[in-house]
Amino acid sequence: MAQQHNLGFPRIGDQRQLKFALENFWQGQSDEAALQSTAQQIRQHNWQLQQHLQQVPVGDFSFYDQVLDMSVTLGNLPARVAQLNGTELDNYFRIARGRSAADSHCGCVAAAEMTKWFDTNYHYIVPEVTADSQFELNPQRLLQQLKQARRQGISAKPVIIGPLTYLALAKSKDGSEPLNLLPRLLPVYSQLLEQLADGGAEWVQVDEPILVTDLDSQWKNAFEQAYHTLKSNRPQLLLTTYFGKLEDNLQLACNLPVAGLHLDVASDQSELNKVLDWLPVHKVLSLGVINGRNIWKADIHAILDWLEPVAERLAERLWLAPSCSLLHVPVDLDSEVALDSEIRNWLAFAKQKLQELDLICQAINLGRDGLDASQQAQLAANRAALQSRRASPRVTNPAVQQAVAAITPQLGQRQSAYAQRVLQQQQTLTLPLYPTTTIGSFPQTSEIRQFRRRFRQGELSAAAYQSYMQQEIEFCIREQEALGLDVLVHGEPERNDMVEYFGEQLDGYAFSRFGWVQSYGSRCVKPPILFGDISRPQPMTVGWAQYAQSLTAKPVKGMLTGPVTILNWSFVRDDQPLQTSCEQLALAIREEVQDLEAAGIQIIQIDEAALREGLPLRRSEWQTYLDWAVNSFRICANGVSDRTQIHTHMCYSEFNDIIRAIAAMDADVITIETSRSDMELLQAFEDFEYPNEIGPGVYDIHSPNIPGQQQIVTLMEKAARRIPAQRLWVNPDCGLKTRQWPEVTPALQAMVAAARQLRQQA
Ligand code: GLN
Ligand code: ZN
């Protein structure tokens with residue numbers, strides 16, 4: 001008999017209850033007891049949904065982040081919170097976000113760094129270590145949840161992050177090697193495992209996703225060392241890997257002294273035979289057969305086709321699960337009553353994925369023919385849904401497919417090289433040295449949001465909405481003129497989100513109402529669902545841009561989101577390569593770029609905030625990704641005349657890895673987020689001798705603090721030591737939509753004054 005289990009369930013609640021409970025607590029509107037009670041309700045509800053599983057994850061719930069939870073469990077908290085007053089939870093939130101609740105007597109502290117969890121859009125709190133870091137077990141959270149789950153009658157399997165993944169994600173604050181801490185860390189893990197066993201856990205899920213990344217021999221040896229030390233029969237350990245293939249870590253993973261191994265085989269089963277050969281016969285093999293990263297119904301028949309022979313071979317040793325934690329998908333499709341029913345029938349969210357898993361498990365245990373009538377019906381419905389998706393004319397658009405097939409290298413080629421283009425652009429734009437601009441958005445006031453909401457809900461006519469937005473744009477233009485900025489923007493008041501706004505206007509996209517996924521802490525995102533071939537029925541931004549330009553003699557930038565970013569922040573298709581989806585998006589954006597140009601817009605910015613985060617986990621796959629990503633950008637951007645200036649923007653990134661690709665994008669100007677790095681991030685551009693123009697961000701827009709003129713001058717002087725002044729722009733780090741006007745106006749005044757000072761000094 002195969003068993004079924006789960007690796008983790010979304011913790012935000014089906015109505016984002018956790019988000020609201022957290023934000024109330026932080027604002028001082030509720031107390032810790034209320035927060036704890038919401039948390040307990042979510043956990044109970046999640047466990048109830050999973051009670052049919054042989055192993056239910058416990059400890060996957062988190063108030064903010066599972067990596068931060070692990071830091072707390074290991075007693076590894078930054079020293080800066082140790083002396084502060086308050087509860088353990090206060091310190092927890094201080095590390096996560098710089099402060100706890102509004103009413104707690106907190107000294108605010110610097111929040112820990114946050115970064116992306118592997119190649120997902122989930123962010124974790126980076127553990128901080130030094131050569132002197134000490135660890136001390138603090139198992140209360142896990143033990144309590146284990147107790148609660150067991151009291152609820154759940155067969156509970158605690159989930160922890162393994163020691164190697166923990167150290168690999170940690171950042172050293174003193175340049176020491178985190179791996180050196182392993183001998184100090186392991187005894188704490190041993191104690192933890194023992195206490196979990198005493199608490200009634202028979203199995204513990206130890207997540208080691210770094211096993212799907214490139215590991216050098218030092219790390220591989222450390223795996224051996226760690227798991228030989230932790231070796232225990234009580235509790236039994238399920239070594240859990242996900243997000244990709246093991247490749248040259250395969251033998252290592254198979255042979256570590258643990259009781260079971262979990263593999264992500266949802267989209268690729270090519271390693272399965274090797275694992276079956278290598279895995280010692282006493283070990284459990286858990287197969288992640290349902291994709292935990294996408295929102296599509298699984299093809300249950302296709303899964304059974306390859307799984308049945310494997311199941312025969314493994315018999316009792318086979319466990320079945322989703323590929324990874326379901327944290328990365330929305331909670332429940334049943335809430336989506338407004339979604340087009342044809343498309344809804346193709347989808348599965350977390351709850352539905354567990355139903356699929358159940359059906360697969362029953363079919364394995366009883367045989368497809370042994371299923372009862374209702375299970376047979378579910379199986380038939382699954383087949384019908386998949387067929388409907390494959391055959392739907394809404395998915396395929398022959399004209400789009402032909403256009404993609406007809407893409408030639410010329411499509412991504414500007415007419416002339418940058419060195420020639422820049423002369424023409426200087427003639428038309430007549431910008432001063434150190435031109436000033438912003439990244440696109442201006443404060444999204446509650447009034448703006450309210451107008452958008454009322455329009456969406458049909459309370460406001462299109463004409464009334466348009467006239468309100470035009471007033472807002474005019475206000476923005478006048479403010480920018482008064483500030484003396486050189487290149488203006490319309491301010492993006494009409495946009496809810498830089499991806500959703502475009503998705504809503506493109507054919508091939510669908511939108512959920514409640515399809516929220518945790519991004520970090522209380523922040524959730526609702527990625528649009530890319531289901532079909534992409535086309536642009538009509539211009540998306542031209543009217544607003546044209547209106548803005550009509551108000552001023554200064555150039556106004558047209559503002560678009562690039563194809564790679566739209567792709568990386570969407571739920572993507574699993575029925576065609578990402579490259580194809582990206583090229584379709586590129587062709588649609590290209591039409592918009594050309595329409596903007598024809599409407600008299602001389603500067604067009606195409607944001608690629610998420611270009612770097614799409615990098616595959618394995619370096620060997622980077623170049624292929626970068627090639628098609630850059631090519632897609634070039635296709636969308638480069639169909640313009642030499643006189644039209646193309647800008648792109650990227651948020652904080654490790655630019656070293658992608659500098660060659662950035663240069664290949666060949667935008668005339670790139671604006672980047674640099675201020676917090678003290679212009680260090682420009683090093684990559686300097687070393688590469690990046691040839692085009694750059695606007696290094698001169699102040700941090702995430703903070704309400706207002707920068708001083710001198711501070712900006714100093715930063716730009718640093719920049720000018722790396723990049724010739726003729727090629728520098730002056731701008732904030734990123735868009736200003738989360739800020740308020742009383743912060744924005746003085747900050748930009750300082751920025752413009754700094755640019756003037758720099759010009760005089762030049
Ligand atoms: N144009 C967008 C804005 O200003 C860019 C945002 C981003 O890069 N994240 O908001
Ligand atoms: Zn940005």
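Biologist: What makes arginine 293 a charge over the face of phenylalanine 243?

Modeller: In this predicted model, arginine 293 is 4.8 Å from the ring centre of phenylalanine 243. The criterion asks for CZ of Arg within 6 Å of the ring centre and within 35 degrees of the ring normal.

Biologist: Where does the charged end of lysine 526 sit?

Modeller: The charged end of lysine 526 sits over the ring of tryptophan 516, at 5.5 Å from its centre. For Lys the atom is NZ, and the limit is again within 6 Å.

Biologist: Why is the pair of tyrosine 501 and phenylalanine 502 called edge-to-face?

Modeller: The search of the whole structure finds 23 aromatic pairs, and tyrosine 501 with phenylalanine 502 is an aromatic pair with 5.3 Å centre to centre and 90 degrees between the planes.

Biologist: Which residues form one aromatic cluster?

Modeller: Phe25, Trp26, Phe61, Phe63, Tyr64, Tyr92 and Phe93 form one such cluster.

Biologist: Which positions does UniProt place under "binding site"?

Modeller: The unreviewed UniProt entry gives Lys116, Arg523, Cys524, Trp569 and Glu613.

Biologist: Why is cysteine 524 called buried?

Modeller: Its relative accessibility is 8%, under the 20% limit, so cysteine 524 counts as buried. Cysteine 524 is in strand S15, residues 523-525, and its contacts beyond four places in sequence are Ile12, Arg16, Trp516, Val517, Gln518 and Ser519.

Biologist: Why is tryptophan 569 called partly exposed?

Modeller: Tryptophan 569 has 24% relative accessibility, which falls between 20% and 50%, so the term is partly exposed. Tryptophan 569 is placed in the loop between helix H21 (563-568) and H22. Among its contacts beyond four places in sequence are Lys116 and Glu613, two positions that the UniProt entry also places under "binding site".

Biologist: How do you know that the span of helix H22 is close to the expected one?

Modeller: Helix H22, residues 578-598, has 21 residues and reaches 30 Å from its first C-alpha to its last, against 30 Å expected at 1.5 Å a residue. H22 is followed by glycine 600, with a positive phi near 95 degrees.

Notes
Residues are numbered from 1 along each chain as its sequence is written. Chains are lettered from A and ligands numbered from 1 in the order in which they are written. This is a predicted model: local features need pLDDT of at least 70, side-chain atom pairs count only at pLDDT 80 or more; totals for chains, interfaces and linings use all residues. Side-chain values use heavy atoms; hydrogens and water are left out. Helices (H or I, at least four residues) and strands (E, at least two) are DSSP runs, numbered from the N terminus. The expected span of a helix is 1.5 Å times one less than its number of residues. UniProt positions are given in the numbering used here, feature names are shortened, and annotations may be inferred rather than shown by experiment. Buried means under 20% relative accessible area, exposed over 50%, partly exposed in between (1.4 Å probe, protein chains only). Contact means heavy atoms within 4.5 Å. Rings of Phe, Tyr and Trp (its six-membered ring) pair if their centres lie within 6.5 Å; planes under 30 degrees apart count as stacked, over 60 as edge-to-face and the rest as tilted.
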